[in-house]
Amino acid sequence: MDVLLIGARVIHIGSAMLWFGGAILFAFFLDPTAKALGAAGQPFMQHLMERRKVGIFFPVVAGLTILSGAVLYWRDSGGLQAAWIASPTGLAFTIGGLAAITAFVGGMVLIGPSAADQQAVAREMAGGDGVPTSAQRERLERADRRLTLASRIDLPLLILAALAMAVARYL
Ligand code: HEM
């Protein structure tokens, strides 16, 4: 029994399910609902970020997926043997892995700082009269544009990663 392989697979598939499923739930249900509620959606998002720590959840599950994926990739490729990497199965795992890593970097660069800025503005507004100044509105709009861009880039990459991983072994 290969304990390392089993452990890495359990961590990899478990964290990948949480990352991929969470991203779909966030992009298609939670975010549009908060937006549809307008100003009333702000406390909902704030609770999600600050109390439920969704901004920690995603980097943790994505990081675990990538680390355990790297262990599996190293093992499957026999220490990065070109023959395995160039095979249809190896190529599919490589493309899927790179897509997921790019989605992770995109999330760290675009989602994390933008969500933090949105929360900072919300806190500033809560400490004032609750009406955003033009500078605050500009920050909110910039953060919103970046979050929209991130979800347009990240979701297709995550879908590609999941599809590539699902079929790789059978190519
Ligand atoms: C959203 C991201 C990801 C998802 C949804 C995902 C999903 C999966 C799934 C379901 C499997 C099982 C496939 C099978 O046994 O036939 C798998 C296996 C694998 N994944 Fe991923 N994965 C992701 C990211 C990554 C990354 C970033 C890497 C590399 C750095 C990677 C490398 C691998 C490897 C090498 C295997 C084969 C494991 C084995 O031989 O048992 N994955 N992945």
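Modeller: Gly69 lies in helix 3, where a helix is a DSSP run of H or I with at least four residues, numbered from the N terminus. At a relative accessibility of 17%, Gly69 counts as buried; the term buried stands for under 20% relative accessible area, exposed for over 50%, and partly exposed for values in between, with a 1.4 Å probe and protein chains only. Between the C-alpha atoms of Gly69 and Arg146 there are 28 Å in space, and the two residues are 77 apart in sequence.

The model is a predicted one, in which local features need pLDDT of at least 70 and side-chain atom pairs count only at pLDDT 80 or more, while totals for chains, interfaces and linings use all residues. Residues are numbered from 1 along each chain as its sequence is written, and side-chain values use heavy atoms, leaving out hydrogens and water.

Read from the N terminus, the order of its elements is α-α-α-α-α-α. The C-alpha trace of the protein chain spans about 65 × 30 × 25 Å along its principal axes, and 32% of the 171 residues count as buried.

Seven residues of the shell around the ligand come from helix 3, the largest share. In total, 19 residues surround the ligand, and the closest are Arg9, His12, Asp76, Met165 and Arg169; a residue belongs here if one of its heavy atoms lies within 4 Å.

For Arg9, the distance from a polar side-chain atom to an oxygen atom of the ligand is 2.4 Å. In His12, an N or O atom of the side chain is 2.8 Å from a nitrogen atom of the ligand. For Arg169, an N or O atom of the side chain is 3.0 Å from an oxygen atom of the ligand. The elements that contribute two or more residues to the shell are helix 1, helix 3 (54–76), helix 5 (88–127) and helix 6.

What are the protein donors of the iron atom of the ligand? They are His12, through NE2, and Met165, through SD, at 2.0 to 2.3 Å from the iron; donors are N, O and S atoms within 2.8 Å of the metal, or 3.2 Å for Na, K and Ca. The pair joins distant parts of the chain, with His12 in helix 1 (residues 3–36) and Met165 in helix 6 (residues 134–167), 153 residues apart. His12 is buried, because its relative accessible area is 13%, whereas Met165 is partly exposed, with a relative accessible area of 30%.

Six donor atoms around the iron subtend angles of 83 to 179 degrees, and the arrangement is therefore octahedral. In general, ideal angles for six octahedral donors are 90 or 180 degrees.

Helix 5, which also contributes to the shell, contains Thr94. Thr94 is buried, because its relative accessibility is 17%, and its side chain is joined to that of Tyr73 by a polar contact of 2.6 Å. Within protein, such a contact is a pair of N or O atoms within 3.5 Å, one able to donate a hydrogen and the other to accept it, and residues adjacent in sequence count only if both atoms are side-chain atoms. Gln118 is found in helix 5 as well, and at 17% relative accessibility Gln118 counts as buried. The C-alpha atoms of Gln118 and Leu37 are separated by 16 Å, although the residues are 81 apart along the chain.

The loops on either side of helix 3 complete the view. Lys53 is placed in the loop between helix 2 (41–51) and helix 3. Phi of Lys53 is positive, near 55 degrees, in a residue other than glycine, and Lys53 is partly exposed at a relative accessible area of 43%. Leu80 sits in the loop between helix 3 and helix 4 (82–86). Leu80 is not a glycine, yet has a positive phi of about 65 degrees; with a relative accessible area of 47%, Leu80 is partly exposed.

Methods. Tetrahedral: all angles 85-135°; square planar, octahedral: opposite > 155°, others 65-115°.
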